[in-house]
Amino acid sequence: MDVSEVILLGGTAVLAAIFGSMLGLGGGIILVPALTLFFGVDPRIAVGASAVAVALNSIVASATHIRSGFTNIRAAYVLQVTSLLGAFAGASIAIWVNPRVISLVFGLIMLYAAITLFTNRAVAIPNAPPDAPDPFRLRGTYEDRLTGRQVTYVPRRVGLGAGVSGVGGALSGMLGIGGGAITVPLMNLAMRVPMKAAVGTSQFMVGMTAVITATVFYAEGLIDPRVVLPAMVGIYIGSNIGSQLTRRIDTQRLVVVFFVVMLYLGLSMLGQAFAITLPWTA
Amino acid sequence: MADHPPTTPDVPPDPASASIAHAATSVLTWGFRLAAMLFVIGLGLLVIRDDPVPSSLAPLPELLDDVGAGRAIGFLGLSILTIIVTPLVTAMVAVVNFARLYDRRYAVVAGVVLSLLGIAIGMAIF
């Protein structure tokens, strides 16, 4: 791999992270298909690289989210138990299966994410009263700087949340993505956690889940520094740009562009699984 | 205004959570700084020495040998491992903090998470 390829790969990671950050899905969901389809990288190497990049992104973003009070650390650890078990199972499967299976599952997840772009709507959660039942002591409080109000919530359906987190962890472990596409809607819609707290808590969780993926792949010699290092730098830069752009641009106006790109990448990954090459892919 | 949730100002912030959050933020911040420092040193050595970058990250003992020999991949590899280990240290600090605050339930939950992360990282690195 020469210098120009490294720069191109890093640039792709920047774009993937900008895009993923604006969608609130993290960079991995775009990075893995981009590496696989445009650079001809083995899907398992791409998954390993993405996992390290996702962990880095989580470390940086979580520090900010925790300071803002958005991260519910107790809830994160409760959900993390099943998520890590799922990630371990998913990553173990990913290193043994035919890379085409990874492309197939990734393609399906991308199509799911593309469709939910249109259908998913965040639910506004009313404040929990002071005497709301809280058997797991998961009550969270933060100040919403946009409105200047204190937001208080108590996560519900913790058992359901733990179960779905296990599935999210398995997909995350298998595909090297953060899993925010699954955990954020789960927390917001099913557990009644306000959106900012759901994003902050999910961001904290995905770092730990990505660590499981990265270590399983590392043990199997599937962490390629030539791919990981430019991906790390690119994801870090791109996520910062993406979060700045998200504050200035109404991402809902770009939803059609996002949908088309994700549909194309999803179909391309499915095509790769069945040895069908779509235009502009390697 | 109708979109905003009503306020309930009579719920004070949980001081235990604040203490655990502070500890987690410190670990994450220092983990990132250490990884970034190792990365910059590795990148500098890579430019100066033009060392080859292997297609697979070596086990920890080999990376430490590379650091001793001043090879770029040793520092770059340790930078990657620092990123991998940082969430483990965060979980470790959480267990200590929950235990210090006599929050047994969450000390155990964080302990389970720490054990899972520790087993995975231990298997991979050694």
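What follows is a conversation about a predicted model of two chains, A and B.

Colleague: How do you know how far to trust chain A?
Modeller: By its pLDDT, the predictor's confidence in each residue. Chain A averages 86, and 95% of the residues score at least 70. Among the elements of chain A, helix α4 (residues 73-96) has the highest mean, 92. Helix α7 (residues 180-190) has the lowest, 83.

Colleague: And what is the pLDDT of chain B?
Modeller: Chain B averages 87, with 87% of the residues at 70 or above. Residues 1-11 of chain B fall below 50. That stretch still has 27 contacts in the model beyond near neighbours in sequence. For the model overall, ipTM is 0.86 and pTM is 0.86.

Colleague: What makes chain A and chain B partners in contact?
Modeller: Contact requires heavy atoms within 4.5 Å. By that rule, 57 residues of chain B are in contact with 54 residues of chain A. The two chains bury about 4,600 Å² between them. Carbon and sulfur atoms account for 74% of that area.

Colleague: Why is the pair Arg74(A) and Asp103(B) called a salt bridge?
Modeller: The rule asks for a side-chain nitrogen of Lys or Arg within 4 Å of a carboxyl oxygen of Asp or Glu. Here the N to O distance is 2.8 Å. The pair is Arg with Asp, and 2.8 Å is within 4 Å, so Arg74(A) and Asp103(B) qualify.

Colleague: What does this pair join?
Modeller: Two chains, because Arg74(A) lies in helix α4 of chain A, while Asp103(B) sits in the loop between α3 and α4 (104-125) of chain B. Across the interface the rule finds two salt bridges. Over all chains, the search finds seven.

Colleague: What about the second largest cavity?
Modeller: About 40 Å³ of space lies there. Its lining includes Ser83(A), Gly178(A), Thr183(A) and Met205(A). The elements giving two or more residues are α6 (158-175) and α8 of chain A. Helix α6(A) gives the most, with four.

Colleague: What makes nine of those lining residues polar?
Modeller: Gly counts as polar here, so Gly168(A), Gly169(A), Gly178(A) and Gly179(A) fall in that class. The lining has two nonpolar, nine polar and no charged residues.

Colleague: How do you know what Phe259(A) touches?
Modeller: Again by heavy atoms within 4.5 Å. Phe259(A) lies in helix α10 (residues 255-273) of chain A. Not counting residues up to four places away in sequence, Phe259(A) touches Ala114(A), Ile115(A), Leu117(A) and Phe118(A). Phe259(A) and Leu111(A) are 148 residues apart in sequence, yet 9.0 Å apart in space, C-alpha to C-alpha.

Technical notes: Residues are numbered from 1 along each chain as its sequence is written. Chains are lettered from A and ligands numbered from 1 in the order in which they are written. This is a predicted model: local features need pLDDT of at least 70, side-chain atom pairs count only at pLDDT 80 or more; totals for chains, interfaces and linings use all residues. Side-chain values use heavy atoms; hydrogens and water are left out. On a 1 Å grid over the protein atoms alone, a cavity is a set of points where a 1.4 Å probe fits but cannot get out, and a pocket is an open set with protein on both sides within 12 Å along at least five of seven lines; lining residues have an atom within 4 Å of a point. Grid points are joined across faces, edges and corners, and a volume is the space filled by probe spheres set on the points. pLDDT is the predictor's confidence in each residue, from 0 to 100. Buried area is the accessible area (1.4 Å probe) that two parts lose on being put together, summed over both.
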